[in-house]
Amino acid sequence: LSATPETPKEDGRPKWDNKFQYILSCIGFAVGLGNVWRFPYLCQIHGGGAFLIPYFIALLFEGIPLLHLELALGQCLRKGSIGAWNTISPYLGGVGVGSWMVSVLVSLYYNTVLTWVMWYFINSFQEPLPWSVCPLNENRTGFNEECHESTAVNYFWYRKTLNITPDIAESGTFQWWLILCLAACWAIVYLCTIRGIETTGKAIYVTAIFPYLVLTIFLIQGLTLPGATEGLIYLFTPNLNTLKNPRVWLDAATQIFFSLSLAFGGLIAFASYNPTKNDCEKDAVTVAIVNSMTSLYASIPVFSVLGFKATTAYWDCLDRNIINIINEFDLPEESIMRQNYTSWISFLNSSYPEKIAGLKLKSCDLQEFLDQSVSGTGLAFIVFTQAIILMPGSQAWAILFFIMLFSLGLSSMFGNIEGVFTPLLELQIIPKSAPKELLSGIICLISFLIALCFTLGSGSYWIDIFDRYAASVPLLVLAFFEVIGVVYIYKIKRFSEDVEWMTGRKLNLFWQITWRFISPLLLLIVFMAFVTLQMQKPPSYTAWNPKYEGFPIKEEKVYPPWVQAICVLLASLPCVCVPLVAFFHLVKQKRRSKDPSFVPPEVSSCQGANS
Amino acid sequence: MLRALLLVFSVVAIAHAELCKPDAQNAFKVRISIKTALGDNAYAWDANEEYLFKAMVAFAMRRYSSKSTTQISNVLLCNVTDRVSFWFVVTDSSKNVTTVPGSEVEAAIRMNRNRINNAFLLSDKTLQFLKITSTLSPPVEPSTPVWLIVFGVVLCLIVAGIIFLVVSGIQKHKKKNKEATERENLEEKVEVTLENGIPCEALDLKAGHINGVFAADDDRFTSL
């Protein structure tokens, strides 16, 4: 009798083609739009180079341990988030359900951001770029008033793209061009995730590597632009005084946490397709470090371009003043240049003060232009597009920039969709005989239909709400329960044995200390601080209202009560899953324990599941 | 005789000075920025350029009113600065020492603005007639917006990709089903081998169905 050698992983679970695909997928999931438009902004407002200190401390004690935990968990239990947490303990099943819910909510609104990117991309093929000129008004005597009062880029973003309403309560109409782009985006997501990691594994080669190429091209181009050095000096000059402000530490901790896409369940799903004998420790450290290095690398071209934009705005300001003076005093052309402007101004001010005062010259200060810091969609769609107009060959730069943003967002979408797809596949929502393509098609179709809400006039206000409430507090809560669950319920001793079995070497003391004490404590502090800061003022938003007196400044408005209720719902729904599922299971357990024929199920562990 | 001529000239000169001065009635200020427009190829503004300007204005007046009475001498320039900026008026030779109404001059200039600009190699921005606004040219709008065309291309590519993947998935599924049924047919043909009266297949360890009798006997066999 010969026992056939048990080939491991005969359970028919899909697997990565090679290790590189897996690492690239994790990196692509972690590296997203936030690396480009949030990290440089934080660096700038929190004292430049000094921000790197709290950032790297948070990376070391919060980011890497949590990442290692998730990857080890997924790899060990070889199930998606819901299945994995049910395996750890049925009382902790709520953590998996909460993660799944957050992935669903984030997938909905994240793809709408990609819709905007796609809209700008397909509009970049024209000469001149549509956001560079104001359209004319009806009788062609001047420019459109809304555009003239703000700027052409603002007008194109708020009117031509979003067609934004002045208030969140006003829904406005569906913007058909956004619906078209949304359909295209969900079609692309379906195309890439149609068979799970079989197809995303191929797509990730392009979407994860292409942004680095474009960033390098922008780096080279950016450094050659005039004013780039001013921007970089401004960004990186360390101001150690800012470290005294606890807000800086909080921002560093939250940035690291959200940047690594922890607690979404996507990382657990990715790791579950690995062979169990895989060094998850090295993977975690690699992914975390690459993510942070990418943030740093991306901030260089971003700030070169911002410095260029500020310098150009400063020169424009000077030039306008110079033309006014020349016209007023009938001086010959090119008599006043930017270099001798200040000496001329002081001379003229002393000789003809009334005339100078009558001109109402604006004071031009380069620092003031550099101080105009923006993050998020404002950076990409307003500030950067304005800078691109000023570069020679704007169409090419615009196309490259928007494809890069699209790739960055798409690779993050893969992780989000995987976090939704894998648990559903395991729960066998559709019969096993049905193809996987059907499930991914259903997910994409339903998500597309729900996301149509975001194409209304008030859509971008709703996306801000989802971003601030659904993708922030619940993740912190879920991550806290993840660490506590693994360390104290699954027991750290068993887990360290599992990790030892997988990596082939004993668990470092560093992981023991961080998992047991430091990371949960840090998460708790961050959560408290975060919630306290949110509670301090009533939740408000800024609205684009052309009828506002201070237009083009955005109007500060408070959310109406029903919107606030939705915010609370979004933030609490995933969190509430944890106690709800535990309670539900407790009730089920009590009922079952009365049944004498009931045998408690075996608690499996890593090695048990695979022998 | 000479004195009479001198008197007439001086009267005319004084009259002209009266007609053409800054903020006079029916006078327009012109501002020219040659260096901004032409950079290194800038020409100097001298009396010849002024003559050309007078000629262009007279030409514009002739084309507009289509009566050929306006002469170059009817156009008066004054207050030329280094900027370069100056004022001009158009006098009416039929009526004594009066200027043509500003509205007529404005309309004439507007009608021929392009010709005047081109004569000096300048544009609306660099040859400014203050008080005369230029009509903005309409933007060039193609019949189908460009973005729609690009969108169509992108969508076609995506749909082609999806169809390809779905079809290849269905084909693979069919092939797998066919292979599975072939394998089943093959196995049925093979005789069931028996050992100790028990079919061999039952001896294979199936997940979760370990026959306790044989599992206990495992250590009797030396491992391979």
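Student: In this predicted model, what percentage of the contacts in chain B with a separation of 6 or more comes from residues 24 or more positions apart?

Tutor: The model is predicted, so the value is computed from predicted atoms. Chain B has eight helices and seven strands. Among its contacts with a separation of 6 or more, the share from residues 24 or more positions apart is 59%.

Student: How many residues does chain B have, and what percentage of them is buried?

Tutor: Buried means under 20% relative accessible area. Chain B has 224 residues, and the buried ones make up 27%.

Student: Is Ala55(B) buried or partly exposed?

Tutor: Ala55(B) lies in helix H3 of chain B, residues 47-65. Its relative accessible area is 23%. Buried requires under 20% and exposed over 50%, so Ala55(B) is partly exposed.

Student: How far apart in space are Ala55(B) and Ser33(B), C-alpha to C-alpha?

Tutor: In sequence, Ala55(B) and Ser33(B) are 22 residues apart. In space, their C-alpha to C-alpha distance is 20 Å.

Student: Which residues of strand E2 of chain B are on each side, and are they buried or exposed?

Tutor: In a regular strand the side chains alternate between the two faces of the sheet. In E2(B), residues 75-78, one side has Val75(B) and Leu77(B), and the other has Leu76(B) and Cys78(B). Both faces are covered, and these four residues are all buried.

Student: Which residue in E3(B) is the bridge partner of Val75(B)?

Tutor: E2(B) pairs with strand E3 of chain B, residues 85-92, in the antiparallel sense over four bridges. The hairpin of E2(B) and E3(B) has six residues between the strands, and Asn79(B) takes a positive phi near 55° there. The bridge partner of Val75(B) in E3(B) is Val90(B).

Student: Are H22(A) and H25(A) roughly parallel or roughly perpendicular?

Tutor: The axes of helix H22 (residues 473-489) and helix H25 (residues 561-593) of chain A come within 8 Å and cross at roughly 15°. Angles under 35 degrees count as roughly parallel, so H22(A) and H25(A) are roughly parallel.

Student: By class, what residues make the contact of H22(A) with H25(A)?

Tutor: The crossing of these two helices is right-handed. Pro474(A), Val477(A), Leu478(A) and Phe481(A) of H22(A) meet Leu570(A), Ala571(A), Pro574(A), Cys575(A) and Val578(A) of H25(A). By class, the contact has no polar and no charged residues, and nine nonpolar.

Student: Which residues does His585(A) contact, leaving aside its neighbours within four places in sequence?

Tutor: His585(A) is also placed in helix H25 of chain A. With a relative accessible area of 14%, His585(A) is buried. Leaving aside those neighbours, its contacts are Pro90(A) and Tyr91(A).

Student: Are H4(A) and H24(A) roughly parallel or roughly perpendicular?

Tutor: The axes of helix H4 (residues 52-77) and helix H24 (residues 509-536) of chain A come within 9 Å and cross at roughly 115°. The range 65 to 115 degrees counts as roughly perpendicular, so H4(A) and H24(A) are roughly perpendicular.

Student: How many nonpolar, polar and charged residues are in the contact of H4(A) with H24(A)?

Tutor: The crossing of H4(A) and H24(A) is left-handed. Residues making the contact include Leu60(A) and Glu62(A) of H4(A) and Trp511(A) and Thr514(A) of H24(A). By class, the contact has twelve nonpolar, three polar and one charged.

Student: Which residues does Thr112(A) touch, not counting residues up to four places away in sequence?

Tutor: Thr112(A) is in helix H6 of chain A, residues 93-122. At 1% relative accessibility, Thr112(A) counts as buried. The residues it touches are Leu182(A), Ala451(A), Phe454(A) and Ile463(A), not counting residues up to four places away.

How values were computed
Residues numbered from 1 in each chain as written. Chains lettered and ligands numbered in written order. Predicted model: local features only at pLDDT ≥ 70, side-chain atom pairs only at ≥ 80, totals over all residues. Heavy atoms only, no water. Axes fitted to C-alpha atoms, helices over the stretch in contact; angles between N-to-C directions. Parallel < 35°, antiparallel > 145°, perpendicular 65-115°, else oblique. Left-handed = near helix turned anticlockwise from the far one by under 90°. Contact = heavy atoms within 4.5 Å. Nonpolar A, V, L, I, M, F, W, Y, C, P; charged D, E, K, R; others polar. Buried < 20%, exposed > 50% of the residue type's maximum accessible area, 1.4 Å probe, protein only. Pairing = 2+ DSSP bridges.
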